[in-house]
Amino acid sequence: MPSLEDDPFPSTPGKFKIDHRNHHPMNRHFHRCFSSTSTLFLWALFLIALTASYLSFQSFVDSGSRYLTASWGGIQWEKQLRNSALPHPPSSLSVLVTGAAGFVGTHVSLALKKRGDGVVGLDNFNSYYDPSLKKARKSLLSNHGIFVVEGDLNDVVLLQKLFDVVVFTHVMHLAAQAGVRYAMENPNSYVRSNIAGLVNLLEVCKSANPQPAVVWASSSSVYGLNEKVPFSESDRTDQPASLYAATKKAGEEITHTYNHIYGLSITGLRFFTVYGPWGRPDMAYFSFTRNILQGKPITVYRGKNRVDLARDFTYIDDIVKGCLGSLDTSGKSTGSGGKKKGAAPYRIFNLGNTSPVTVPTLVSILEKHLKVKAKKKVVEMPGNGDVPFTHANISSARSQLGYKPTTDLQTGLKKFVKWYLSYYGYNHGKPVN
């Protein structure tokens with residue numbers, strides 16, 4: 001039985017206890033090599049442990065830094081949230097408006113606040129178009145007592161926090177990646193916002209107790225290549241002409257699933273070419289106005305056989321009436337904590353003007369209000385996802401929501417031009433220095 005003294009591997013790491021009675025040169029060479037290898041191995045372990053400790057510490061620092069620099073959270077933030085969400089009177093709605101610093105979102109938020117509803121906004125202020133316009137809208141909302149949280153629908157922790165702090169009765173989901181042509185440049189942004197973001201929001205809504213009713217913006221683009229006019233909610237929508245349209249159609253299928261499984265009350269609104277003050281710079285009427293005033297040419301697309309494109313232009317105030325009517329008639333969600341207790345309403349409505357106007361006519365109206373002649377470049381419509389015409393059948397919205405558009409294109413564009421000249425500092429059609 002060998003003694004502990006005979007053991008060549010003592011308790012002290014990195015050292016060998018050499019048997020001096022053994023003088024064989026081969027053994028001495030072996031012991032030296034093994035001793036050196038063991039020492040290197042232990043040093044390697046030490047370096048790995050040191051590196052791991054550093055990375056862990058760095059991760060901790062980064063996490064803490066992100067927390068400290070986050071644009072949301074804290075006692076004061078929660079107080080602002082609750083105050084903004086508080087309805088007057090208490091029987092009114094408490095609404096989370098996503099995309100609140102967007103075109104439609106700003107107008108809907110202001111209308112809700114004006115009638116006494118509690119409103120909390122959410123917007124990620126992305127750079128799809130000039131963020132300064134979104135910041136200006138945010139200031140407008142702030143001046144009316146509406147708190148807008150800067151955050152993304154894909155930040156699930158933020159969404160959950162919003163619902164932890166406030167018991168929302170309704171969600172007005174207007175956040176989306178808009179634009180038909182931009183989808184050819186940045187397709188992933190549409191999937192991230194219009195599909196992943198929507199699912200994240202519905203997940204939080206279905207788990208809330210009580211569940212809110214959800215009204216959300218679909219699009220007239222879902223009608224795609226449909227040639228039957230006017231477009232009715234029962235028409236086929238399985239031939240999208242753009243990725244944007246496809247994501248909105250996917251949204252309709254996804255919301256139906258959450259209604260069916262979890263009992264969420266869902267209302268989808270198919271907007272038809274919304275225009276007006278505080279609008280989106282990527283829309284034709286907006287960019288036409290800018291270029292006409294700057295003396296730049298505008299591109300007017302024409303369809304097959306030299307047919308003028310036509311759109312069912314719908315003024316923002318009319319769209320707002322449809323949104324509020326949808327919220328007021330949404331009915332209640334029937335689930336609780338993610339479990340369905342009964343059937344809940346699922347509805348889809350067209351919100352349009354029912355009076356399509358050709359694009360050349362739109363240009364003529366702008367020329368009249370701007371008192372400037374446009375430099376037109378007429379070209380054939382490219383295959384970029386646009387459709388030749390839109391025309392809404394609004395009979396369902398009229399009967400169930402009391403929706404009745406009242407603003408024609410002449411009147412609406414006059415209001416838009418007045419806002420545009422004021423906002424961008426024009427005086428008698430010329431920029432003010």
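Helix axes are lines fitted to C-alpha atoms over the stretch in contact, and the angles between them run from 0 to 180 degrees between N-to-C directions. The structure is a predicted model, in which local features need pLDDT of at least 70 and side-chain atom pairs count only at pLDDT 80 or more, while totals for chains, interfaces and linings use all residues. Residues are numbered from 1 along each chain as its sequence is written, and side-chain values use heavy atoms, with hydrogens and water left out.

The protein chain contains 12 helices and 15 strands; these are DSSP runs numbered from the N terminus, with helices (H or I) of at least four residues and strands (E) of at least two. Of the 433 residues in the chain, 47% are buried, where buried means under 20% relative accessible area, exposed over 50% and partly exposed in between, for a 1.4 Å probe and protein chains only. The accessible surface of the chain is about 22300 Å², and carbon and sulfur atoms account for 57% of this surface. Accessible areas come from the Shrake-Rupley method with a 1.4 Å probe, and for residues only the protein chains shown count as cover. Among contacts (heavy atoms within 4.5 Å) between residues at least 6 apart in sequence, 81% join residues at least 24 apart.

Two packed helices are described by the angle between their axes and the distance between the axes. For H3 and H4, the angle is about 5 degrees and the axes are 10 Å apart. The two helices H3 and H4 are therefore roughly parallel to each other, given that angles under 35 degrees count as roughly parallel, over 145 as roughly antiparallel, 65 to 115 as roughly perpendicular and the rest as oblique. On the H3 side the contact involves Phe103, Thr106, Ser109 and Leu110, which meet Arg137, Leu140 and Leu141 of H4. This contact of H3 with H4 comprises four nonpolar residues, two polar and one charged; Ala, Val, Leu, Ile, Met, Phe, Trp, Tyr, Cys and Pro count as nonpolar, Asp, Glu, Lys and Arg as charged, and the others, Gly among them, as polar.

Helix H5 (residues 156–165) packs with helix H6 (residues 187–207) at an angle of about 35 degrees, and their axes are 10 Å apart. The crossing of H5 and H6 is right-handed, a term for a near helix turned clockwise from the far one by less than a right angle, with left-handed used for anticlockwise. H5 contributes Val156, Leu159, Gln160 and Phe163 to the contact, and H6 contributes Asn200, Leu201, Val204 and Cys205. Six of the residues in the contact of H5 with H6 are nonpolar, two are polar and none is charged.

For helix H8 (residues 284–294) and helix H10 (residues 359–370), the axes come within 11 Å and cross at roughly 45 degrees. H8 and H10 are therefore oblique to each other, and their crossing is right-handed. Tyr285, Phe288, Thr289, Ile292 and Leu293 of H8 meet Val359, Leu362, Val363, Leu366 and Leu370 of H10.

The peptide bond from His88 to Pro89 is cis, with omega near 5 degrees, and Pro89 is in the loop between helix H2 (75–85) and strand E1 (94–98). A cis peptide bond also runs from Val229 to Pro230, with omega near -5 degrees; Pro230 belongs to the loop between strand E5 (213–217) and helix H7 (243–262).

Phe125 is not a glycine but has a positive phi of about 50 degrees. The loop that holds Phe125 lies between strand E2 (118–123) and helix H4 (131–143), and Phe125 is buried at 8% relative accessibility. Thr354, also not a glycine, has a positive phi of about 65 degrees. Thr354 is in the loop between E11 and strand E12 (357–358) and is partly exposed, at 29% relative accessibility.

Arg115, in the loop between helix H3 (103–114) and E2, is partly exposed with a relative accessible area of 34%. Arg115 and His88 are 27 residues apart in sequence, and their C-alpha atoms are 8.5 Å apart. Residues up to four places away in sequence not counted, Arg115 touches His88, Leu93, Leu324 and Asp328. Ala344 lies in the loop between helix H9 (316–328) and strand E11 (346–351) and is buried, with a relative accessible area of 15%.
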